[in-house]
Amino acid sequence: MSDKPMSNTAPHHLDEDRLLALALGMEVETEEDSAHLRACLSCRDELLQERELSAALVMMPVATPPPDFVARTTERFAAEHRARSVRGLLLAGASTLLVGLALALSLAWRLIPQLGDTASVVSAALTQGAALVSTLTVLASVFPSLAACVAIGALLTMATSASLLTRLARATAK
Amino acid sequence: MDLLATLSLPFRTGMTHTDTIETTLIQAAQGGDEKAFAELVKRYQRPVYALCNRYLRGSEAEDVAQETFVKAFLHVREIDSARPILPWLYTVARNLCLDRLRRRKFEANVEPSPNTASAEPSVDDAVAGRIDLERLKTAFAALPEGPREALALFHLEGMAYQDIATTLEVPIGTVMTWIFRGRKELKKALPGRHHEER
């Protein structure tokens with residue numbers, strides 16, 4: 001912007017923040033501002049430029065969604081919702097099955113002492129497996145990210161395996 | 001009508017909080033209600049789609065815009081009804097766009113989407129005659145992500161500084177700096193100015 005000679009009524013330029021605030025209508029023009037703007041061509045020009053830029057920005061073309069955007073997004077939502085429901089049912093079913101098997105084996109172990117430590121280990125494995133599946137079910141609903149579930153699931157599997165191996169080692173030693 | 005006189009932007013008072021109807025819609029959508037979900041998409045499709053188009057091109061932008069709604073209303077258990085919903089949707093959309101860009105190792109300053117060609121700008125002849133909108137659009141697309149988004153949310157979506165700060169996950173001072181710097185760059189696209197430092 002070219003610097004114009006200032007008159008006595010406009011000793012300093014309005015600073016850029018002030019001009020921007022005035023251009024955006026975020027602050028009200030005071031009498032002092034008005035007097036300055038009347039006398040200072042440079043500031044007047046700058047303010048006009050800020051306002052023109054605001055006008056141009058508002059007029060800039062903005063991408064608009066295609067007419068079938070809502071329908072296509074809703075289809076995707078419905079598919080995802082169905083998939084989540086199926087996943088949840090499968091996990092819940094697997095979990096219930098494992099718990100049932102664990103209870104049955106546990107009962108069998110008590111009723112048939114001959115089964116010995118093997119039944120104890122298998123029962124413990126099924127119980128821990130059921131706990132693992134239940135935990136994954138909860139995690140999958142809280143953290144939808146598959147990667148997070150896999151990572152946490154892997155950790156739980158490692159912990160479960162370690163626990164089972166210890167039990168198996170003890171049973172074998174006996 | 002003098003367009004410049006209408007630029008006081010009295011609407012810029014911050015986004016409204018999530019209303020009761022909206023909260024009900026969100027809860028219904030999370031339960032799988034497709035009609036409720038469609039209503040929410042209808043309400044917010046334009047700004048979310050526009051944001052995605054500033055980061056990504058055509059079909060990819062649309063894909064991420066769809067993903068935004070599905071993730072936002074299906075995977076999030078609770079939405080804070082005390083906070084406005086649009087900045088939150090913007091945050092989800094922006095993060096998805098950035099993830100996509102990171103994965104593809106694209107630069108954030110992508111070309112404007114081909115879809116923008118079909119947009120219908122409301123042009124005021126008085127200003128359009130003085131400013132080359134295409135030139136301005138090119139300069140706008142060339143801005144770094146922060147200033148570009150801050151300016152877009154401020155000027156195109158009418159958001160307040162605080163809501164922009166929430167959306168872009170930066171302090172409000174950064175938003176102000178981005179807007180100031182972005183505008184300074186864009187002024188170079190205006191005709192007949194020398195742009196000397198004041």
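Colleague: How should I read the packing of two helices, and at what angle do helix 8 and helix 9 of chain B cross?

Modeller: In general, two packed helices are described by the angle between their axes and the distance between the axes. In this predicted model, helix 8 (residues 161–168) and helix 9 (residues 172–187) of chain B have axes that come within 8 Å and cross at roughly 105°. Helix 8 of chain B is therefore roughly perpendicular to helix 9 of chain B, because angles of 65 to 115 degrees count as such.

Colleague: Which residues of the two helices meet there?

Modeller: From helix 8 of chain B come Tyr161(B), Gln162(B), Ile164(B), Ala165(B) and Leu168(B), and these meet Ile172(B), Val175(B), Met176(B), Trp178(B) and Ile179(B) of helix 9 of chain B. Sorted by class, this contact has 9 nonpolar residues, 1 polar residue and no charged residues.

Colleague: Turning to charged side chains, how many salt bridges are found over all chains?

Modeller: The general idea is that side chains of opposite charge can pair when their charged atoms come close. Over all chains, a search of the whole structure finds 23 salt bridges. One of them joins the side chains of Arg72(A) and Glu62(B), at 2.4 Å from N to O, and this pair crosses between chains, from helix 4 (residues 69–111) of chain A to helix 3 (residues 58–75) of chain B. Arg72(A) counts as partly exposed at 36% relative accessibility, whereas Glu62(B), at 9%, counts as buried.

Colleague: Within chain B, which distant parts of the chain does the pair of Arg54(B) and Glu149(B) link?

Modeller: Arg54(B) and Glu149(B) form a salt bridge whose closest N and O atoms are 3.0 Å apart; the pair links helix 2 (residues 34–55) with helix 7 (residues 145–156) of chain B, across 95 residues. Arg54(B) is buried at a relative accessible area of 12%, and Glu149(B) is buried at 1%.

Colleague: Which residues are linked in a network of salt bridges?

Modeller: The network links Arg76(A) with Glu60(B), Asp63(B), Glu67(B), Lys71(B) and Arg100(B).

Terms used
Residues numbered from 1 in each chain as written. Chains lettered and ligands numbered in written order. Predicted model: local features only at pLDDT ≥ 70, side-chain atom pairs only at ≥ 80, totals over all residues. Heavy atoms only, no water. Axes fitted to C-alpha atoms, helices over the stretch in contact; angles between N-to-C directions. Helix = DSSP H or I, 4+ residues; strand = E, 2+ residues; numbered from the N terminus. Parallel < 35°, antiparallel > 145°, perpendicular 65-115°, else oblique. Contact = heavy atoms within 4.5 Å. Nonpolar A, V, L, I, M, F, W, Y, C, P; charged D, E, K, R; others polar. Salt bridge = Lys/Arg side-chain N within 4 Å of Asp/Glu carboxyl O. Buried < 20%, exposed > 50% of the residue type's maximum accessible area, 1.4 Å probe, protein only.
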